[in-house]
Amino acid sequence: MIGLYGVSKSFTEGSSTHTVIRDLDLTIREGEIVILFGKSGSGKSTLLNLISGIDLPDAGRVLIRERDITTLTENERTLIRRDNIGFIFQSFNLIPTLTVKENLQLPLELKGMKDSSERIVSILNEVGLPDRASTYPDKLSGGEQQRIAIARALVHDPGIILADEPTGNLDYDTGLVIVDLLDRVVKQKGKTMIMVTHSKDVIGLADRILSLREGKITELKTDSAIG
Amino acid sequence: MDSLTKSAVRNLFRHPWQFVLSALGIAVGVALVVSIDIAGHSSSKAFSLSMDAVAGKATHHIIGTSEGIPDSVYRNLRVNGGFRNTAPVIETYASIPGANRRIFKLIGVDFFAERPFRDYLSDAGSSVDGELKLLLTRPKSVAASEQSLKELGVSPGDSIVVLINGAEQTLHISASLSVSESNRAALENLLITDIASAQELAGKPGRIDLIDVKAGDDRELQKLKEFLPADYEIQKSGARSETADQMLEAFNINLQSLSLLALIVGLFLIYNTMTFSVVRRKTVIGTLRAIGVTSGGIYRMVLAEALVIGAAGTVAGLIAAYFVSKVLITFISQSINDLYYVVSVREIHVTPLIILKGAGLGLIATLLSSLKPAHEASRVHPRAAMMRSGQESDLLAKIPKFGITGLLLMLAGGIILLIPSRNIWLSYFGILPVITGFAMLTPLVITGLEKIFSPALRSMFGITGKIASRSMIRNISRTYIAVAALALAVAATVGVGTMISSFRDTVIEWLGSRLNADIFVSAPNLISRRNDVVLPDELADKIRGVNGVTGINFYRELEIYQDGKKIHLISSGVSKRGFDGFEFKDGNPEEIWKEFTGGDIIVSEPFAYRYDLDAGSMLKLKTDKGMKDFRVAGVYYDYASDQGLVAIYHNEFRKHWDAKGLSGISAYASDEGSIERIKNDIQNLDTGGQKILVRGYKFLRDTSIEVFDRTFLVAKALQALAVIVAFVGIFSSLMSLQLERKKELGILRANGLLPSQLFGIVSLQTLLMGITAGILALPLGNLLAAILVYIINKRSFGWTMQFSAVPSIMTEALILAIVAAVLAGIYPGIRMSKTSPANALREE
């Protein structure tokens with residue numbers, strides 16, 4: 001379970017302070033898929049950063065599997081992230097100097113899982129790119145790169161997936177492929193996912209749809225989100 | 001290899017040119033440091049081998065007075081004292097005109113007393129009953145190693161003409177000594193003759209230089225001492241090599257520190273490369289952090305990358321060092337011959353310690369220069385994985401803080417430099433924070449200059465001009481390192497150049513006042529600044545009697561070995577006119593001269609520094625009549641010897657030392673027109689067979705300056721190499737910088753900028769960087785020169801020099817910085833202008 005209690009976060013630029021999250025309470029159940037809408041600059045990515053421990057709130061508590069990560073050191077938070085969270089970025093962010101297989105190997109190695117070949121073959125099959133193991137990222141199309149990025153987020157079997165506009169850099173059709181893939185490999189496997197997006201095509205995946213506005217969360221009904 | 005390391009290593013090979021250039025920076029640095037070390041060690045080894053060759057198995061040497069040891073003392077030792085383990089030695093040098101002026105040590109020995117001392121003379125084939133018999137029966141016969149004879153193209157039975165003490169001598173080759181692994185090095189530059197022939201050849205009839213002793217224990221030594229005249233000394237074998245090493249200490253340290261300069265520039269290169277690598281990969285590093293790599297993991301990854309570069313550079317540098325040292329050895333041994341002692345270095349000696357030191361230095365330098373980039377990488381926030389810009393704003397905001405830190409560092413460097421210490425390394429250590437602090441001011445200077453450049457370029461070149469100057473600021477985290485590296489290298493050129501020029505000016509001025517006579521007479525010598533060979537005493541009066549000579553000065557130089565050190569004593573018969581050539585640090589010259597002629601001594605500035613003396617101090621000197629205290633009347637400026645000189649009035653000298661002859665005589669002519677005629681008259685004087693050199697002021701001054709320039713040849717070569725490393729650095733930096741801007745330049749091309757305009761932007765930007773580096777290099781260079789002149793030289797040698805900024809050096813430096821930058825920008829400019837906008841816009 002993920003819990004945010006009384007969380008606030010501001011950024012200071014020069015002499016002005018901009019509050020992006022304001023006294024926010026949010027709980028996400030295990031296996032729940034949450035879609036987060038909001039305008040650019042509304043604090044969506046900041047919220048993901050707070051959940052993953054990349055950023056610390058100015059106030060409030062963030063609980064990941066009942067552990068308050070705001071009390072942990074940077075290294076401890078990294079270890080929590082390593083074990084429990086998979087990241088999917090808008091710009092894919094694959095490591096250009098590693099092949100597809102090695103990109104997938106990395107989270108497994110970090111988790112201390114030595115014998116990883118079978119797991120990699122299996123996840124590549126799941127994302128539909130079984131023959132691309134030895135390819136470097138720059139030889140893949142955008143859609144393929146994002147499929148590998150999803151595979152990387154899942155390969156070490158984390159309970160939580162944080163996706164920051166995973167279809168934002170893709171064309172409509174490829175975006176749909178990715179949504180379908182997320183449905184199969186995330187939702188149907190009972191993982192928790194928080195996805196920041198502008199795309200309405202992902203709504204079908206959602207258990208809950210939230211909107212972030214002026215630092216506050218409001219829950220949207222599916223209809224209003226589509227509308 | 002884990003995936004993280006794989007990624008790091010592959011990153012290097014993905015940018016091979018950057019990898020190679022950085023490794024090259026370290027390679028050149030390591031090659032210079034190690035080759036200087038090898039050259040220095042080989043020279044010192046050659047000297048100690050030549051000493052060992054003479055010393056053989058002797059445990060001690062008996063040193064006599066300034067006139068050596070009379071034959072009778074030796075005879076008395078053996079016949080009446082019964083000391084059988086003793087052997088007489090005469091040593092001198094012979095140069096062979098046709099063999100690249102190769103210098104051999106000529107030793108005269110008593111073959112009947114030799115057996116316990118020198119192995120190579122007691123081999124069965126070369127015993128006195130065998131081939132060596134000829135050496136006893138034929139005057140001026142010599143033996144040499146078969147290797148040396150082969151190199152000279154002669155064999156037993158042939159004759160060779162050599163120069164000994166300036167006089168031509170014909171030597172007969174009577175025997176060749178077989179070479180084995182154990183004696184090869186010892187025999188390399190050695191000619192051996194019988195003691196009687198040596199006395200004749202060296203002009204030391206009835207005298208020997210030293211007596212070798214093979215003593216069993218201290219009791220035997222004590223007994224021996226009791227049998228010798230009181231003022232004789234028994235010195236441990238090897239003491240002279242130690243003295244020679246001590247003499248070279250400051251010379252070697254300064255050479256090494258110059259080579260370290262190249263390494264420091266190389267260090268900047270590594271810093272440069274690693275910083276670029278980190279900046280370029282901020283997103284990748286952010287991603288790695290986001291997926292769970294700890295900051296320590298990132299730190300280690302960057303260090304591992306740096307170590308690969310360092311290791312490649314170090315290995316290449318060590319290999320190159322072997323070849324570079326072969327070239328350097330010629331220059332260094334020439335300087336040692338010019339300044340210190342006769343040595344002929346023919347073989348390169350590399351010790352594991354030298355290799356280890358070089359390898360350690362290369363790797364440690366790499367690690368040190370990568371610490372900051374690695375630290376920066378480890379601090380990359382995982383948020384960077386989601387950000388596409390804003391990397392530069394960090395540094396821009398920090399520029400004032402950066403500048404203040406720079407100033408504080410310079411201040412710290414200043415404090416270290418002002419610590420009253422004689423430690424040269426500490427002084428060099430103080431330069432580091434000064435350089436680093438200055439480099440930290442670079443962003444401040446770039447932003448300041450941009451404010452001036454930007455409107456000017458906008459009006460001259462329109463929007464492309466503005467883009468060029470603005471991009472310096474936009475990419476400040478990268479531009480400043482490239483500019484700082486170039487500025488540092490150019491500053492090093494200005495610093496070393498100005499120091500040499502200041503030193504040269506000081507020496508020329510000093511020569512002008514010191515050499516205030518018209519004609520200078522000396523015996524030919526193998527060492528430019530030392531007079532081993534003496535002129536007959538009566539020559540002074542003969543020269544005084546030459547028509548047109550209005551006055552003379554004369555001196556006798558003597559080397560005194562005491563307490564393991566060598567002291568150069570000058571017995572001076574300087575005239576009142578000669579007094580004017582001396583300038584004292586403190587005190588009234590008239591008073592000082594009065595005290596000097598009354599029996600006090602005067603010491604040169606380096607000597608006073610070395611022995612911590614001042615006017616009024618007492619100095620104990622070993623005279624031929626025993627130890628005696630002398631009062632120092634004054635300290636005079638002198639640049640003839642970094643070891644320093646002690647001058648004593650000639651009449652006083654005669655009271656305490658037996659040494660006969662004069663080392664040099666100078667004469668004043670009644671008028672300028674008669675100088676040539678007087679020179680001829682002196683040349684035609686009867687010198688008792690001693691060859692003399694009669695030279696005018698100009699010749700002597702020019703020769704001295706020639707020796708000076710030769711001494712700094714290595715420094716200049718090293719300085720040039722540092723510039724090459726810097727050029728590699730700036731090239732590498734600009735290349736990275738322009739490739740970094742690939743996307744930005746692609747956008748410009750997509751928006752209609754012509755390839756030629758793009759080339760213009762790149763060239764203009766590199767030109768601006770060159771100008772900024774040049775402007776920065778001038779104050780830093782002069783600051784470095786002032787540190788070298790006032791602190792390093794003072795602490796190394798004790799010399800006071802006048803610092804003079806040289807406009808021509810500064811102009812050259814400015815041009816150098818601009819040309820280096822513009823040249824380094826040509827290739828990236830062409831490459832970027834030829835890159836298709838589509839490719840440039842494509843994401844990595």
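B:Ile355 lies in helix α12 (residues 352–378) of chain B, where helices (H or I, at least four residues) and strands (E, at least two) are DSSP runs numbered from the N terminus. The model is a predicted one, in which local features need pLDDT of at least 70 and side-chain atom pairs count only at pLDDT 80 or more, while totals for chains, interfaces and linings use all residues. Residues are numbered from 1 along each chain as its sequence is written, chains are lettered from A and ligands numbered from 1 in the order in which they are written, and side-chain values use heavy atoms, with hydrogens and water left out.

B:Ile355 counts as partly exposed because its relative accessibility is 34%; buried means under 20% relative accessible area, exposed over 50%, and partly exposed in between (1.4 Å probe, protein chains only). Together with B:Val315, B:Ile319, B:Tyr322, B:Phe323 and B:Val350, B:Ile355 makes a nonpolar surface patch of about 540 Å². Patches consist of residues with over 30% relative accessible area and no salt bridge, with like charges joined within 9 Å and nonpolar side chains (Val, Leu, Ile, Met, Phe, Trp, Tyr) within 5 Å. A salt bridge is a side-chain nitrogen of Lys or Arg within 4 Å of a carboxyl oxygen of Asp or Glu. The most is given to the nonpolar patch by helix α11 (residues 295–339) of chain B, with 4 residues.

Chain B as a whole contains 28 helices and 20 strands. Of its 844 residues, 58% are buried. The accessible surface of chain B comes to about 33700 Å², and carbon and sulfur atoms hold 59% of this surface; the areas come from the Shrake-Rupley method with a 1.4 Å probe, and for residues only the protein chains shown count as cover. Among the contacts in chain B with a separation of 6 or more, 82% join residues 24 or more positions apart, a contact being heavy atoms within 4.5 Å.

In chain B, 9 strands form an open sheet of mixed pairing, in the order β16-β17-β15-β18-β14-β13-β19-β12-β20. Two strands pair if DSSP finds at least two bridges between them. The edge strands of this sheet are β16 (618–623) and β20 (693–696) of chain B, each of which pairs on one side only. From one strand to the next, the twist averages 30°. Helix α23 (residues 697–711) of chain B packs on the sheet and touches β12 (519–522) and β20 of chain B, and its direction makes about 95° with that of β20(B). Axes are lines fitted to C-alpha atoms, for helices over the stretch in contact, and angles run from 0 to 180 degrees between N-to-C directions.

Strand β18 (residues 645–649) of chain B is mostly covered, with 5 of its 5 residues buried. B:Leu645, B:Ala647 and B:Tyr649 point one way from β18(B), and B:Val646 and B:Ile648 point the other way. In a regular strand the side chains alternate between the two faces of the sheet. Strand β14 (residues 565–573) of chain B pairs with β18(B) in the parallel sense over 5 bridges, whereas β15 (residues 601–604) of chain B pairs with β18(B) in the antiparallel sense over 3 bridges. B:Ile648 is the bridge partner of B:Ser571 and also of B:Ile601.

Strand β1 (residues 60–63) of chain B is covered on both faces, with B:His60 and B:Ile62 buried on one side and B:His61 and B:Ile63 buried on the other. β1(B) is antiparallel to strand β11 (residues 233–236) of chain B, with 4 bridges, and B:Glu233 in β11(B) is the bridge partner of B:Ile63. Strand β10 (residues 210–213) of chain B also pairs with β1(B) in the antiparallel sense over 4 bridges, with B:Ile211 opposite B:Ile62.

Chain A has an open sheet of 4 strands with antiparallel pairing, in the order β2-β1-β4-β5. β2 (16–28) and β5 (67–68) of chain A each have a single partner strand, so one side of each is left without a neighbour in the sheet. Helix α1 (residues 44–52) of chain A packs on this sheet, touching β1, β2 and β4 of chain A.
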